[in-house]
Amino acid sequence: MIEQVAIAFEHKDYQTAAKLLKQLQKESPENPWVQYYLGRLHEVTQKYQDAEKIYRQLLRDTRNVKIVTLARQGLRRLQEIELEERQRAISQAKSEPNNTELGVLVLEPLSNELKTEASQKFAQIMQLDPYTARLILPSRGWRLYRTGQVGELKFYGKQLQQAGIACFWATIVQIQEIQVYQVKHFQASTPQATVVCRNEVNQLGFLTFDWSEVTARVVGLLPIFEQVVDVDARRKLEWKTQTQDYAQFCDLHIPGRRCILRLYDNGYEFQQGLEIIPQVSQNTIRINWNSLSSWIDQQLPQVKIWSDFTSFADTTLDQTEMLSHIKSHIDLFRREQTNWDSAFHLYSGLVFVK
């Protein structure tokens, strides 16, 4: 009867093949040829997961060289089908309005207990080996995983979310649309807060808001680089770029007004406006900044603080092309171009739009 099944498949008479296999399953359910043709029937009727399961089981359980070869060919066909369907779906996703915009796909952290299972799913979706997949999945903080057209990123992101792998995507346009105001100082704190600030074209003005409008705080350190003289291995003098200090930044997010209030230690006028810090003129900038941060803590006790910028930057700084599209809204004096400033604005912007 197996020969009849084979002939039915040759003539693409799958209805006859199904009837014969139904009978053979009752008579010889363990026969590897019966299992193979059952896998073929699943394959031609587009039950690809069932077909893959049978082919892999045959590779594990049978020593028949012919069946092993056929099972491997079946798995190869399934991989080609999956690749074609994936490319078709990606092309369709890209063709939808606005899906050609530049975007980013960000992975969210997973506990080590969940990583083993998640890395297998991640490997399957992204066509990676499990070891590499496990290394990519973050344990703490966000990881910028991929940049490209947002339609494709959305396609992969949805698959990852369905597999239980936390991630999100956003367009660079969404980041660019956020208004950023550089806070010079607080003018008042009750009943509403008022800040003196500068807008994107450096105009000075006031902004008054309720503390309840603030939904997030983003803090981070940006390195300050300087050229220093060093002695190399041959005891010759050479110039090197080294991190000499860090600038401290704090963003207050007010999504209801589509804006970010940005404060940083050397840009805040501690001796102006509302008296927040006693003996401000006698303190160092760091002491004043820490005091200002503590005061903001008191005003926003329930607001989440996002402070994993440095780990996020480690996955982002080499994305020079993408970061070149992001205006940093950071006014630090830089002797040379650096991606740190745009990376911080991207991190804060992603918190804002998520």
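Select α4 (48-61), α5 (65-95), α6 (112-126) and α8 (150-162): each of these helices gives at least two residues to the lining of the largest pocket. Helices are DSSP runs of H or I with at least four residues, strands are runs of E with at least two, and both are numbered from the N terminus. The model is predicted, so local features need pLDDT of at least 70 and side-chain atom pairs count only at pLDDT 80 or more, while totals for chains, interfaces and linings use all residues. Residues are numbered from 1 along each chain as its sequence is written, and side-chain values use heavy atoms, with hydrogens and water left out.

Stay with the pocket. Its volume is about 970 Å³. On a 1 Å grid over the protein atoms alone, a pocket is an open set of points where a 1.4 Å probe fits, with protein on both sides within 12 Å along at least five of seven lines; lining residues have an atom within 4 Å of a point. Grid points are joined across faces, edges and corners, and the volume is the space filled by probe spheres set on the points.

Now pick Gln49, Glu52, Glu82, Arg86 and Gln124, which are the closest to the pocket centre among the 27 lining residues. Colour the lining by helix, and α5 supplies the largest share, eight residues. Colour it by class, and the lining divides into 11 nonpolar, eight polar and eight charged residues. Here Ala, Val, Leu, Ile, Met, Phe, Trp, Tyr, Cys and Pro count as nonpolar, Asp, Glu, Lys and Arg as charged, and the others, Gly among them, as polar.

Select α1 (residues 2-10) and α2 (residues 14-27). Their axes are 8 Å apart, at an angle of about 155°; axes are lines fitted to C-alpha atoms, for helices over the stretch in contact, and angles run from 0 to 180 degrees between N-to-C directions. The two helices are therefore roughly antiparallel, a term for angles over 145 degrees, with those under 35 called roughly parallel. The crossing of α1 and α2 is left-handed, meaning that the near helix is turned anticlockwise from the far one by less than a right angle. Show the side chains of Ile2, Gln4, Val5, Ala8 and Phe9 in α1 with Tyr14, Thr16, Ala17, Leu20, Leu21 and Leu24 in α2 to see the contact, where contact means heavy atoms within 4.5 Å. This set has nine nonpolar, two polar and no charged residues.

Helix α3 packs against α1 at about 20°, with the axes 11 Å apart, which makes the pair roughly parallel. This crossing of α1 and α3 is left-handed. Ile2, Val5, Ala6 and Phe9 of α1 meet Trp33, Val34, Tyr37, Arg40, Leu41 and Val44 of α3; by class, nine are nonpolar, none polar and one charged.

The crossing of α2 and α3 is left-handed. Tyr14, Ala18, Leu21, Leu24 and Gln25 of α2 touch Val34, Tyr37, Leu38, Leu41 and Val44 of α3, a contact with nine nonpolar residues, one polar and no charged.

Finish with the backbone. Most residues other than glycine have a negative phi, and most peptide bonds are trans. Zoom to Gln127, in the loop between α6 and α7 (130-136), where phi is positive, near 60°. Gln279, in the loop between β9 (259-264) and α10 (285-299), has a positive phi of about 55°. Last, select Thr190 and Pro191, joined by a cis peptide bond with omega about -5°; Pro191 lies in the loop between β4 (179-188) and β5 (193-198).

Methods
Angles under 35 degrees count as roughly parallel, over 145 as roughly antiparallel, 65 to 115 as roughly perpendicular and the rest as oblique.
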